[in-house]
Amino acid sequence: MTIQRDILITEVALRDGSHAIAHQYTVDQVLRVAKALGEAGVPYIEVSHGDGLGGSSLQYGLSLTDELKLIEAAVSVSGDSKVAVLVLPGIGTIEDMKEAIKLGAKMARIATHVTEADVSAQHISKAKDMGLETVGFLMMSHMAPVDKLVEQAKLMESYGADTVYMVDSAGALLPHEVRERTRALRDHLGVNVGFHGHNNLSLAMANTLAAIEEGAVRIDGSIRCLGAGAGNTQTEVLVAVLERMGIQTGIDLYKIMDTAEEVVAPILQVPQEITRDNLVLGYAGVYSSFMLHAQRAAKKFGIDSRDILIELGKLKVVGGQEDMIIDVASEMAKARN
Ligand SMILES: CC[C@H](O)CC(=O)C(=O)O
Ligand SMILES: [Mn+2]
């Protein structure tokens, strides 16, 4: 039987959520979550270190478990769901993708800063050659004006991406900005448009609906908001809202709610809430994945983590510049003494 899906959801808790739990996923947790997501009918499940394949490092945070073991575990229990991997050129290599394919990964999402799509050329074309469904993932999309975003998305399309995502990494975009950007992408691309939000300003759902209304057909969610910062658009809530709107996701509402409550909630180290630090991520336009790093630096140097995040926002620090968090905190501590 073919399942009707108007919108294809990629569940990112087993990748983006890795940031929220300091990359401490165990094989057992991944087995339980991926099995339940598969049974609920989630079409795509992303599994990798939070910063993508090869991300386990002192700079980004060491994984408790080798991500290849986590991918293998997810593939073994996820049934008809496809397992996806995230790859940031400069961190994850073509060899890493080959390993993931051997284990059964079916989709690669190649992520770059919103103005640096050119560095994705080789990864996107290789991923396509190797038979993967391929997504271009333009992170920190709030940092580029609409025409720049479109230009960069077109580059990814030209390299062979099947879908290009606007990624609101900081949860900083407002609904009218998402609307305008999605419409422009829709007007200028021949491939699917996707949206990945973060809930730091409590706008992930509103932004997701704005993106869908303007033609986005690929949407990311994290179950129980298990994503970086305040998490992403909450998958089980999104399924319910879309069902009310008559939009089919092909996901079983009761099963995804049960997964959230019984399988994912016990994994959370703290509830995923819009804490003051998460709010500041969205307000200042800072990478959601910087949160735990900033909190650690705040503790070490005795600085208010909000001041560090605001300064990082002013400096327009982007992914890969995690070392700047320590620099900023130590400069602030020096200036104070
Ligand atoms: C550092 C990679 C990042 O977590 C990817 C992502 O989900 C985002 O930019 O929001
Ligand atoms: Mn994210």
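The buried residues of helix α2 are covered by elements that include β1 (8–11), β2 (44–46), α3 (67–77) and α10 (253–264). Here, buried means that 20 or more other C-beta atoms, placed from the backbone, lie within 10 Å of a residue's own, and helices (H or I, at least four residues) and strands (E, at least two) are DSSP runs numbered from the N terminus. This is a predicted model, in which local features need pLDDT of at least 70, side-chain atom pairs count only at pLDDT 80 or more, and totals for chains, interfaces and linings use all residues. Residues are numbered from 1 along each chain as its sequence is written.

**Helix α2**
- The buried residues of α2 are Gln29, Val30, Val33, Ala34, Ala36, Leu37, Gly38 and Ala40.
- Just after α2, Gly41 takes a positive phi of about 90 degrees.

**The largest nonpolar core**
- This core (buried Ala, Val, Leu, Ile, Met, Phe, Trp, Tyr and Cys joined through C-beta atoms within 7 Å) has 99 residues, of which Ile45, Ala74, Val85, Leu138 and Ile308 touch the most other members.
- Helix α2 (residues 27–40) gives the largest share of this core, six residues.
- At least three residues of this core come from each of domain 1 (8–266) and domain 2 (276–336), with bounds from an automatic or database domain assignment.
- Beyond its neighbours within four places in sequence, Ala74 is in contact (C-beta atoms, placed from the backbone, within 7 Å) with Leu14, Val30, Ala34, Ile45, Val47 and Val83.

**The two domains**
- The C-alpha centres of domain 1 and domain 2 are 24 Å apart.
- Their contact takes 22 residues from domain 1 and 18 residues from domain 2.

How values were computed
Chains lettered and ligands numbered in written order. Contact = placed C-beta atoms within 7 Å. Buried ≥ 20, exposed ≤ 12 C-beta atoms within 10 Å, placed from the backbone.
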